[in-house]
Amino acid sequence: MKVLMINPPYNSSKYKFIGLVAPPLGIAYIAAMLQRNGVTVRILDAPALEYDHDAVKNEIQKYSPDIISITAVTPTIDSAIKTAQISKEVCPDSITVLGGYHPTFTYQEVLKNNYVDVVVCGEGEQTMVELVDAIEKGKNLKEVNGIAIKNFKTPPRKIIDDLDSIPFPARHLLPMDEYKILNMKLTTGTIVSGRGCPYNCSFCASSAMHGHKLRLRSAENVVDEMEHLVNDHDIEMIAFMDDTFTINKNRVYEICETIKDRGLDNYWGCTARVDTISEELLKTMKDAGCITMFLGVESSDQQVLNQLNKNTNINRIKKTFELTKKYGMRTIASVVLGMPGDTKRSIKSTIKFVKTLEPSYAVFSLATPYPGTEFYLKAASENLIKINDWSKYTLLSPVLETVDCSLEELRKLQRKAFTEFYLRPGYIARRTWIDGPIILKTIASIVKGV
């Protein structure tokens, strides 16, 4: 039984502006679980290899798998379904499986497509192991929890409580030399050290996918994986991709202490909420090699922040960025423009506010209601959504209007945000001094992209 796991072709992402191409850890985790259980598996990461659907078709034909499992988020669902179609053309007897955030929350819509046989709903490691076993032995798929098939959905699978029990992602199946950050091939490695989120941000699907219960890997297990990245893959920069790495401060302290005890001297970065950062924590993280933080700013309008359920305030945002500057942290400010209630005035105020924070980089996303989120349910019920083409749900294309902003006006305001932030002579000079001439390539891609 041969399984091919595919990250489908995709060339539009908000992260292209900071030159980030990251490994698809979700399918790499599943591949590792399958290999542990004796399954022959291969991964095809089309975006990293810059493969189009024709190239993917050739790879499917050469490998001739029995099961083709395709991952999808909302903007890649059309590409994923096209990949499923190609799979059926090349290997008509294969079983096509779709998984990931978008299929989990829209399985009924996805299964209307004749090219998709099974949808894995929720976390896929244990589900895929049982699904592959059931297919190989000819069992009734209705006995496998956590899936949906035509006209039938099985009971949800219990979440994995002990994350240390999951093997590290099968990175040996990934094109590790193709991943980069800031357009530099730094042999970048990514780690997810926990799942679930206790917060209730209205625009985030993570808690719907992984639950509100925060499940954390042990500090020892996390640093074991860091050592694995360094020793086995020559990784220079490690990025923690958790929703919020800094939620449990004691665990962060433990990780930092373990890093220092083992003599690891690699650089790393993480995501963080501004209300989880203290000076003591920042100092400890910096001493353990942390140099980059991805921080959610979202808006300078307190009403918008409240609407997003961010549970923070403008003063706290300012204080956190002051602390990061004090400790020389590279920061990436994440901003959302065009939430219901946003106006031209509030958006322009947010753009101005972000510049005063002086982050190293900024990502200005357009408000996008993803299936599975509170935001999507509210936007759909109030008929706010103007675009129903999932491929446009990239955070770079407007899909809903605000009180006084049309779709085109929102797009212009996003362009204004990127150009005003990145095309400041002082900013360019400062970042070139710090990050080197490579930053000019990043800025050029931003100007071209917006």
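A residue counts as buried when its relative accessible area is under 20%, as exposed when over 50%, and as partly exposed in between. The model shown is predicted.

## Aromatic pairs

Searching the whole structure turns up twelve aromatic pairs. One of them joins tyrosine 422 and tyrosine 427.

Are the two tyrosines buried or exposed? Tyrosine 422 has 0% relative accessibility, so it is buried. Tyrosine 427 has 1%, so it is buried as well. Both belong to a cluster linked by ring pairs. Its members are Phe364, Phe418, Phe421, Tyr422 and Tyr427.

## Charges over rings

Rings also meet charged side chains. Arginine 42 places its charged end over the ring of tyrosine 63. The distance to the ring centre is 5.7 Å.

Lysine 142 does likewise with phenylalanine 152. Here the charged end sits 4.6 Å from the centre of the ring.

## Helices H13 and H14

Helix H13 spans residues 314-326, and helix H14 spans residues 344-357. Their axes come within 10 Å and cross at roughly 30°. Angles under 35 degrees count as roughly parallel, so H13 is roughly parallel to H14.

Which residues make the contact? From H13 come Ile314, Ile317, Lys318, Phe321 and Lys325. From H14 come Phe353, Thr356 and Leu357. Sorted by class, the contact has five nonpolar residues, one polar residue and two charged residues.

Glutamate 298 has a phi near 70°, a positive value in a residue other than glycine. Glutamate 298 is in strand S13, which covers residues 290-298. Its relative accessible area is 6%, so glutamate 298 is buried.

Glutamate 358 is another non-glycine residue with positive phi, near 55°. Where does glutamate 358 lie? Its place is the loop between H14 and strand S15 (361-366). With 45% relative accessibility, glutamate 358 counts as partly exposed.

Glutamate 130 belongs to helix H7, residues 125-137. Its relative accessibility is 37%, so glutamate 130 is partly exposed.

What does glutamate 130 touch, leaving aside its neighbours within four places in sequence? The contacts are Val144 and Arg157. Glutamate 130 and valine 144 are 14 residues apart along the chain. Their C-alpha atoms are separated by 6.5 Å.

## Two helix residues and two distances

Glutamate 374 lies in helix H15, which runs over residues 374-381. Its relative accessible area is 46%, so glutamate 374 is partly exposed. How many residues separate glutamate 374 from tyrosine 179 in sequence? The answer is 195 residues. In space, their C-alpha atoms are 32 Å apart.

Asparagine 306 is in helix H12, residues 302-307. Its relative accessible area of 47% lies between 20% and 50%, so asparagine 306 is partly exposed. Asparagine 306 and serine 445 are 139 residues apart in sequence. Their C-alpha atoms are 33 Å apart in space.

Technical notes
Residues are numbered from 1 along each chain as its sequence is written. This is a predicted model: local features need pLDDT of at least 70, side-chain atom pairs count only at pLDDT 80 or more; totals for chains, interfaces and linings use all residues. Side-chain values use heavy atoms; hydrogens and water are left out. Rings of Phe, Tyr and Trp (its six-membered ring) pair if their centres lie within 6.5 Å; planes under 30 degrees apart count as stacked, over 60 as edge-to-face and the rest as tilted. Buried means under 20% relative accessible area, exposed over 50%, partly exposed in between (1.4 Å probe, protein chains only). A charge sits over a ring if NZ of Lys or CZ of Arg is within 6 Å of the ring centre and within 35 degrees of the ring normal. Axes are lines fitted to C-alpha atoms, for helices over the stretch in contact, and angles run from 0 to 180 degrees between N-to-C directions. Helices (H or I, at least four residues) and strands (E, at least two) are DSSP runs, numbered from the N terminus. Angles under 35 degrees count as roughly parallel, over 145 as roughly antiparallel, 65 to 115 as roughly perpendicular and the rest as oblique. Contact means heavy atoms within 4.5 Å. Ala, Val, Leu, Ile, Met, Phe, Trp, Tyr, Cys and Pro count as nonpolar, Asp, Glu, Lys and Arg as charged, and the others, Gly among them, as polar.
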